[in-house]
Amino acid sequence: MHDRPFQVLGIQQIAIGGADKLKLQKLWVDLFGLEVTGTFRSERENVDEDICSLGVGPLKVEVDLMQPLDPEKKPAVHATPLNHVGLWIDDLPRAVEWLTAKGVRFAPGGVRRGGSGFDICFVHPKGSDEFPVGGEGVLIELVQAPPEVTRAFRALANAPGGA
């Protein structure tokens with residue numbers, strides 16, 4: 001048993017960055033067949049992204065194809081081709097509180113509404129003196145799972161042969 005007051009349910013998204021999202025679309029949309037379900041632009045986050053989907057229903061995985069609004073500014077969403085991984089979390093506020101108490105460093109910005117409409121926050125890729133636990137080079141987005149996603153993952157976990 002564990003004392004963790006939240007559960008990581010599964011992969012919510014992967015985010016792929018490049019200098020030109022049209023080149024990313026060639027592979028992911030034109031050839032792999034992912035559907036573009038939305039777009040998101042943010043000056044603060046220096047991003048212009050297409051939100052694509054893979055799979056269906058509550059187990060659908062988001063694939064974000066991102067390019068910077070200004071390649072000279074931070075965050076440099078294109079500097080690492082695999083920009084970040086998003087994880088569904090069943091109770092984001094409790095997760096952030098507990099992880100902070102355990103020394104996890106979060107990126108600036110706190111919990112906020114993300115491009116897909118869910119509450120999000122980011123585990124910083126590097127720890128610090130004050131918060132020594134980071135993503136060891138990987139930016140990790142924690143995403144509040146809506147009830148249907150939580151139910152679907154829990155049903156799978158409780159099914160015969162489930163996790």
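Before I go on, the housekeeping. This is a predicted model, where local features need pLDDT of at least 70 and side-chain atom pairs count only at pLDDT 80 or more, while totals for chains, interfaces and linings use all residues. Numbering runs from 1 along each chain as its sequence is written, and side-chain values use heavy atoms, with hydrogens and water left out.

Leu27 belongs to helix 1, residues 21-31; helices (H or I, at least four residues) and strands (E, at least two) are DSSP runs numbered from the N terminus. Leu27 has a relative accessible area of 37%, so it is partly exposed. The cut-offs are under 20% for buried, over 50% for exposed, and partly exposed in between, with a 1.4 Å probe and protein chains only.

Now, how many aromatic pairs are there in the whole structure? The search finds three. Rings of Phe, Tyr and Trp (its six-membered ring) pair if the centres lie within 6.5 Å; planes under 30 degrees apart are stacked, over 60 edge-to-face, and the rest tilted. One of the pairs is Trp28 with Phe32: the centres are 5.3 Å apart and the planes are at 90 degrees, so this one is edge-to-face. Trp28 is buried, at 18% relative accessible area.

Trp88 and Phe118 are also edge-to-face, 5.2 Å centre to centre with 85 degrees between the planes. Trp88 sits in strand 5 and Phe118 in the loop between strand 6 (112-113) and strand 7, so the pair ties together parts 30 residues apart in sequence. Trp88 is buried at 4% relative accessibility, whereas Phe118 is partly exposed at 24%.

Strand 8, residues 139-144, is mostly covered, with five of its six residues buried. Strand 5 (residues 82-89) pairs with strand 8 in the parallel sense over six bridges; for strands to pair, DSSP has to find at least two bridges between them. His84 has Leu139 as its bridge partner in strand 8. Strand 7 (residues 119-123) pairs with strand 8 too, but antiparallel and over four bridges. There, Val123 stands opposite Ile140 of strand 8.

Which residues have a positive phi without being glycine? Asn46 has one of about 50 degrees, and so does Glu136. Asn46 is in the loop between strand 2 (35-42) and strand 3 (47-54), and Glu136 is in the loop between strand 7 and strand 8. Buried or exposed? Asn46 is buried at 2% relative accessibility, while Glu136 is exposed at 70%.

And there's a cis peptide bond joining Lys74 and Pro75, with omega about -5 degrees. Pro75 lies in the loop between strand 4 (61-67) and strand 5.
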